[in-house]
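Here is a short report on one protein model.

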Amino acid sequence: ADIALDKILDVTGMSKRFVLKECNDISNCVATAYKGIRYILYDRDFMDAIATRTNSWSSMSILAHEIGHHVNGHSLDLIIYAAESAEAPTLPESRQMELEADEYSGFVMYKLGASLSQAQEAVRLISTNDDDDYSTHPSLNKRLKAIKTGYNNAKKQSPENTASQINLADK
């Protein structure tokens with residue numbers, strides 16, 4: 001997990017400002033913060049089970065998704081809500097945060113060299129297209145679209161695309 005975190009941070013140029021902590025029996029991977037320290041908690045058995053049922057990129061995409069929550073300040077907000085007894089995000093706000101984290105994951109996965117299909121595989125396993133009106137997480141198609149958006153945004157920034165855009169601008 002530490003190696004995967006380092007790879008993600010390397011391609012995004014971010015500093016390692018997260019504490020990665022194994023946490024058994026949570027059957028998940030979660031971004032959270034406590035007293036100003038950012039954590040990513042993960043259940044090794046959960047991550048291994050997903051990788052076994054999909055591909056080796058799945059664990060990386062889940063970890064990138066959780067980093068995306070930190071990058072976008074989502075988990076920090078949740079701690080503030082709890083500490084100040086403020087109102088928690090609404091379900092639509094929660095779904096929007098998930099889509100933002102999915103988009104970040106897609107961006108990172110392109111930078112790491114995954115195919116779009118590999119970047120989306122974990123979400124295909126854990127999401128459905130059931131009605132998401134009463135869920136904190138969006139439906140499968142919305143999540144796949146967000147990952148694709150992030151993936152394509154990274155692709156547009158790739159050196160070969162940047163070079164061709166510069167050449168077109170010179171003509």
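## Surface and burial

The protein chain exposes about 9,700 Å². Carbon and sulfur atoms supply 50% of that area. Accessible areas come from the Shrake-Rupley method with a 1.4 Å probe, and for residues only the protein chains shown count as cover. Of the 171 residues, 39% are buried. Buried means under 20% relative accessible area, exposed means over 50%, and partly exposed lies in between (1.4 Å probe, protein chains only).

This is a predicted model: local features need pLDDT of at least 70, side-chain atom pairs count only at pLDDT 80 or more, and totals for chains, interfaces and linings use all residues. Residues are numbered from 1 along each chain as its sequence is written, and side-chain values use heavy atoms, with hydrogens and water left out.

## Fold outline

The protein chain has eight helices and three strands. From the N terminus on, the order is α-β-β-β-α-α-α-α-α-α-α. Helices (H or I, at least four residues) and strands (E, at least two) are DSSP runs, numbered from the N terminus.

Contact means heavy atoms within 4.5 Å. Among contacts with a separation of 6 or more, 61% are between residues 24 or more positions apart.

Strand β2 covers residues 29–34. In a regular strand the side chains alternate between the two faces of the sheet. In β2, the covered face holds C29, A31 and A33. V30, T32 and Y34 lie on the uncovered face.

β2 runs antiparallel to strand β3 (residues 37–42), and six bridges join them. Two strands pair if DSSP finds at least two bridges between them. Y34 has I37 of β3 as its bridge partner. Two residues separate the strands in this hairpin. K35, in the turn, has a positive phi of about 50 degrees.

## Salt bridges

Side chains of opposite charge can pair when their charged atoms come close. A salt bridge here is a side-chain nitrogen of Lys or Arg within 4 Å of a carboxyl oxygen of Asp or Glu. The whole structure contains six of them.

D2 and K16 meet in one, at 3.8 Å from N to O. D2 lies in helix α1 (residues 2–12) and K16 in the loop between α1 and β1 (18–22), so this pair ties together parts 14 residues apart in sequence. Both ends are partly exposed: D2 has 44% relative accessibility, and K16 has 45%. D2, D6 and K16 are linked in a salt-bridge network.

E22 pairs with R44, with the closest N and O atoms 2.9 Å apart. E22 sits in strand β1 and R44 in helix α2 (residues 44–53), so the pair ties together parts 22 residues apart in sequence. E22 is partly exposed at 35%, and R44 is partly exposed at 41%.

How far apart are the closest N and O atoms of D102 and R143? They are 2.7 Å apart, in a salt bridge. The pair links distant parts of the chain: D102 in helix α5 (residues 91–112) and R143 in helix α7 (residues 140–156), 41 residues apart. Both D102 and R143 are buried.

## D132 in its loop

D132 is found in the loop between α6 (116–126) and α7. Is D132 buried or exposed? D132 is buried, with a relative accessible area of 6%.

A polar atom of the D132 side chain lies 3.0 Å from the backbone nitrogen of S139. Leaving aside residues up to four places away in sequence, D132 touches R95, H137, P138, S139 and K142.

How values were computed. A polar contact is a pair of N or O atoms within 3.5 Å; within protein, one must be able to donate a hydrogen and the other to accept it, and residues adjacent in sequence count only if both atoms are side-chain atoms.
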